[in-house]
Amino acid sequence: MEYFDVVDEAGQPTGAIVSREEAHRRGVPHRTAHVWIVRPGARGYEILLQKRSEEKDSFPGLYDTSSAGHVPAGDEPLRSALRELYEELGIEGSPGDLRFAGTFRIRYEKVFHGRLFWDNEFANVYVYTGPVGELKLQESEVSGVRWFDLDEVWEEIRTDRSRFCVPGPGLAVLRRYLGLDPD
């Protein structure tokens with residue numbers, strides 16, 4: 001069973017822990033780590049998005065952030081980001097390969113597979129700068145990956161959510177980091 005640190009309204013651990021199931025059943029605030037893989041494209045930047053497995057408990061079959069996952073109790077976001085990058089995509093990064101881009105909040109309630117899923121997360125966002133190489137996908141989590149034009153994804157998620165579950169605020173953090181949307 002997975003356990004997370006309960007965090008306060010500033011995203012800082014309180015000393016309490018909660019199971020994954022309880023966190024998403026009651027909307028208990030906890031932390032996640034998100035990693036964006038970016039490369040120069042024909043018209044700007046391209047981002048690698050993973051297609052979520054149909055078995056995922058939220059947003060099955062949709063394209064999402066390059067790599068993301070929960071921060072286990074007692075762990076730190078940077079270490080969790082590196083672990084998720086390896087587990088989901090087979091990329092063995094080092095701390096120097098990740099650049100911190102910022103944080104954002106995720107809050108929603110939605111029904112998946114006939115059950116209410118309540119998310120209340122503080123997401124730590126990183127940009128991966130190391131080599132990508134040949135990817136080795138974690139089949140239980142990721143059914144595929146694909147490069148997309150960053151601007152096209154940004155425009156599409158504003159009006160149509162049939163292909164992407166990319167969190168808009170997370171993509172905004174990436175765009176600011178890349179200098180596309182000044183503060």
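**Entry 1. Terms and model**

I call a residue buried when its relative accessible area is under 20%, exposed when it is over 50%, and partly exposed in between, with a 1.4 Å probe and protein chains only. Helices (H or I, at least four residues) and strands (E, at least two) are DSSP runs, numbered from the N terminus.

I note that this is a predicted model, in which local features need pLDDT of at least 70 and side-chain atom pairs count only at pLDDT 80 or more, while totals for chains, interfaces and linings use all residues. Residues are numbered from 1 along each chain as its sequence is written, and side-chain values use heavy atoms, with hydrogens and water left out.

**Entry 2. Strand E4**

I looked up strand E4 (45-52) and found it mostly covered, with six of its eight residues buried. I then looked up its partners; two strands pair if DSSP finds at least two bridges between them.

- E4 pairs with E9 in the antiparallel sense over seven bridges, and Lys 51 stands opposite Gly 144 in E9.
- E4 pairs with E3, also in the antiparallel sense, over three bridges, and Pro 40 stands opposite Tyr 45 in E4.
- E4 pairs with strand E5 (residues 63-64) in the antiparallel sense over two bridges, and there Lys 51 stands opposite Tyr 63.

The hairpin of E3 and E4 has four residues between the strands, and Gly 44 takes a positive phi near 150 degrees in it.

**Entry 3. Nonpolar cores**

I define a nonpolar core as a set of buried Ala, Val, Leu, Ile, Met, Phe, Trp, Tyr and Cys residues joined through side-chain atoms within 4.5 Å. The largest has 21 residues, and Trp 36, Ile 47 and Leu 174 are among those with the most contacts inside it. E4, E7, E8, H3 and H4 each supply at least two residues of this core; H4 gives the most, with four.

Which residues does Leu 174 contact, leaving aside its neighbours within four places in sequence? I found Trp 36, Val 38, Ile 47, Val 127 and Leu 150, where contact means heavy atoms within 4.5 Å. A second, separate core of 13 residues includes Ala 33, Leu 82, Leu 89 and Ile 91.

**Entry 4. Helix H2**

Helix H2 (residues 77-89) has 13 residues and reaches 18 Å from its first C-alpha to its last, close to the 18 Å expected. The expected span is 1.5 Å times one less than the number of residues. Its buried residues include Ala 81, Leu 85 and Glu 88, and the buried residues of H2 pack against E3, E4, E6, E7, E8 and E9. H2 is followed by Gly 90, which has a positive phi near 75 degrees.
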